[in-house]
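Hello,

Here is the structure I promised to hand over. Please open it first, then read my notes below.

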Amino acid sequence: MLDVKGLSRPGQFEDISLTVRRGETLGITGLLGSGRTELALTLFGMLKPASGSISIEGKPIRFSSNRDAIEAGVAYLSEDRLSLGLIQPQPIADNLVISSLDKVLSGGLLSEERKRSLVGRWIADLGVKIGLQQDAISTLSGGNQQRVAIAKWLATDPKLLILDAPTVGVDVGARAGIFDIVARLAESGLAIILISDEVPEVYFNADRVLHMAQGRIVGSYDPRTSSLDDIEGAVYA
Amino acid sequence: MPSFVRTHATEVSLLGVIIAICAVLSVTTANFFSLGNAFDLLNISSVNIIFAVGLLVVLIAGGIDISFAVAASVVQYGTAIALGWIGGGGWVSGLLIAGSIGVLLGAVNAFLIHRFRIISIVATIATFNVYFGLLMFFTKGVSIYNLPDWLTSRVIIYEREMADGSWAEITLPVVVMVVCTLATWFFITRTTTGRQLYAFGDNPEGARRFGINIGAMQFIAFGWLGLMAGIAGLMQAHYAQEVVPNALYGRELDVLAAVVLGGARLGGGKGSVLGCVLGVLLVSITQNGLNLMGVSPFAFKMIVGAIILVAITLSSARIGNLVPVFATRKSTGDRPAERGES
């Protein structure tokens, strides 16, 4: 699905090569400043690589902006939900459809009815607990906000979903719910990149784990054959 | 509809204030409560409402514009000159020329703001001075009185003779105002671009990550205001039957105050066409009432300023509209508790 070869942005990451297949969850872990968010932003078309190539479904791709990336089926859940991932004072429904407005058009114009039914479907599908669709998203708990943020990207029909620190600010009980959704999405055939600085999160929820440090991939682990201690030892060393 | 009241609290309370003021004026003055006066109010307010709905779009997009009223004066001169070149023209060519010059002047603002990352208030104070300076320099302060006949002759859309023999009239600017208002309402509520403007105004970096073209947003917002300012400029020239270089100087602050009064937030992401129209009407009705009550025109601005202050501070939540620092989204205390999801 995604094939990255020798991707570099001097000072941020160097010579990154990785592949993600359909239905696979690739975990990327590493300390803050290891270049993981910059890598994600590059895959999402918001930063331009200095060298290297990105291919999606075998086709080499050059994004001139993240609009191209979204068009090509890449979705990126921002690491900072409060300030970047959602528009806090605006309604739940408007937040959910902002990246897929073309799906709620009727005769070229926004249709409240289509919006309501699309939002209703996603709310039910991801088990988001809300009052009214018109309530501000800031009235929801962290876990429910994150579900809406994920739904926003799923509504764009992505092939690759990049989740950058999806459980920051989500309480422990609700984290399991988020990862249930991730597992279900992978099962349905989505390729997923899961970025987290908490090693157990990627260890228990990814099929493969890459360790990034100082802009390079320094280790690759298979959770079935490596122990959590091994990876934590390497990452937190 | 209780849900309408809940989601349109600003509009409903404005309407309440307007009704209260109208009731008082109807009792205290002889002429306020008449069809003729109501139509006059509409005729007089039309230009400001056209400006206001344009400015609303820029405020929703998180910007501000100080230059639009002076830009409208530039449009008036430019249009008058261009109409001279083409030998008179008519309403269609007049509106096209005025609208185009307006969009161009708005695009200059958007260019400065987007390309050089100048904050909008600074960029538009600069263009305000440049536009006004150029205007005074090239016109030497001279007005234009010999406008084409079609532009200066009143166009009465609807008239009715009153019992006292006077005529109550609705004139062309009112119709143009209604068209501009409906177009803006349609644009910001029913199109994807309108929806994206709200998102962009509230959270520009978030909007960029959602795949919104933020450069386009600036040009669309300021272009729309430019278009409205161009049309309003032509309507003002039509209404005044002359073009005076400093006729609209200072109008930007009246309009800005009225739009903020109508619930638009300086800081972006919030505002409605209905609130904006009611905001302008509230100011106009107050001025009209003071006039009928025989209050000195020198006191108008003072009283209108006081009314705006009172109206805005009456609801403490409204402080967030004026000063984004106090807006709920910026404060740290109101983040929802990370409740457990049972």
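Does A165(A) count as buried or exposed? A165(A) counts as buried, because its relative accessibility is 14%. Buried means under 20% relative accessible area, exposed means over 50%, and partly exposed is in between, with a 1.4 Å probe and protein chains only.

Some ground rules come next. This is a predicted model: local features need pLDDT of at least 70, side-chain atom pairs count only at pLDDT 80 or more, and totals for chains, interfaces and linings use all residues. Residues are numbered from 1 along each chain as its sequence is written, chains are lettered from A and ligands numbered from 1 in the order in which they are written, and side-chain values use heavy atoms, with hydrogens and water left out.

**Loops**

A165(A) sits in the loop between β9 (160-164) and α7 (172-187) of chain A. Helices (H or I, at least four residues) and strands (E, at least two) are DSSP runs, numbered from the N terminus. A165(A) is not a glycine, although it has a positive phi of about 50 degrees. Now find D80(A), in the loop between β6 (74-77) and α3 (81-85) of chain A. D80(A) counts as partly exposed, because its relative accessibility is 32%. D80(A) and A165(A) are 85 residues apart along the chain, and their C-alpha atoms are separated by 8.1 Å.

Chain B has a positive phi to look at too. R117(B) is not a glycine, and its phi is about 55 degrees. R117(B) is in the loop between α5 (91-115) and α6 (120-139) of chain B. At 63% relative accessibility, R117(B) counts as exposed.

**Helices**

Take helix α9 (residues 228-235) of chain A. L228(A), I231(A) and V235(A) are buried there. They lie on the same side of α9(A), because they cover an arc of only 75 degrees around the axis. The arc is that of the directions from the helix axis to the C-beta atoms. An α-helix has 3.6 residues a turn, so residues three or four places apart point the same way. What covers the buried residues of α9(A)? The cover includes β3 (25-29), α8 (199-205), β11 (208-213) and β12 (216-221) of chain A.

Next, helix α8 (residues 172-190) of chain B. Its 19 residues should span 27 Å at 1.5 Å a residue, and its end C-alpha atoms are 27 Å apart, which agrees. The expected span is 1.5 Å times one less than the number of residues. The buried residues of α8(B) include L172(B), V176(B), C180(B) and F187(B).

L25(B) is in helix α2 (residues 9-28) of chain B. L25(B) counts as buried, at 5% relative accessibility. Leaving aside neighbours within four places in sequence, L25(B) is in contact (heavy atoms within 4.5 Å) with F32(B), I285(B), G289(B) and M293(B). The C-alpha atoms of L25(B) and T127(B) are separated by 40 Å, and the two are 102 residues apart along the chain.

T79(B) is in helix α4 of chain B. T79(B) is buried, with a relative accessible area of 1%. Not counting residues up to four places away in sequence, T79(B) touches G94(B), I97(B), A98(B), I101(B) and L234(B).

**Cores**

A nonpolar core is a set of buried Ala, Val, Leu, Ile, Met, Phe, Trp, Tyr and Cys residues joined through side-chain atoms within 4.5 Å. The largest has 152 residues, and L2(A), L18(A) and I193(A) have the most contacts inside it. Helix α3 (residues 35-60) of chain B gives this core its largest share, 14 residues. A second, separate core has 22 residues, including V75(B) and F132(B).

How much space lies in the second largest pocket? About 640 Å³. Of its 26 lining residues, N48(B), R251(B), D254(B), S284(B) and Q287(B) are closest to its centre. A pocket, on a 1 Å grid over the protein atoms alone, is an open set of points with protein on both sides within 12 Å along at least five of seven lines; a cavity is a set where a 1.4 Å probe fits but cannot get out; lining residues have an atom within 4 Å of a point. Grid points are joined across faces, edges and corners, and a volume is the space filled by probe spheres set on the points.

There are five cavities of 30 Å³ or more. The largest cavity holds about 60 Å³ of space. Its lining has 13 residues, and D65(B), F68(B), A71(B), G106(B) and G226(B) lie nearest its centre.

Best wishes
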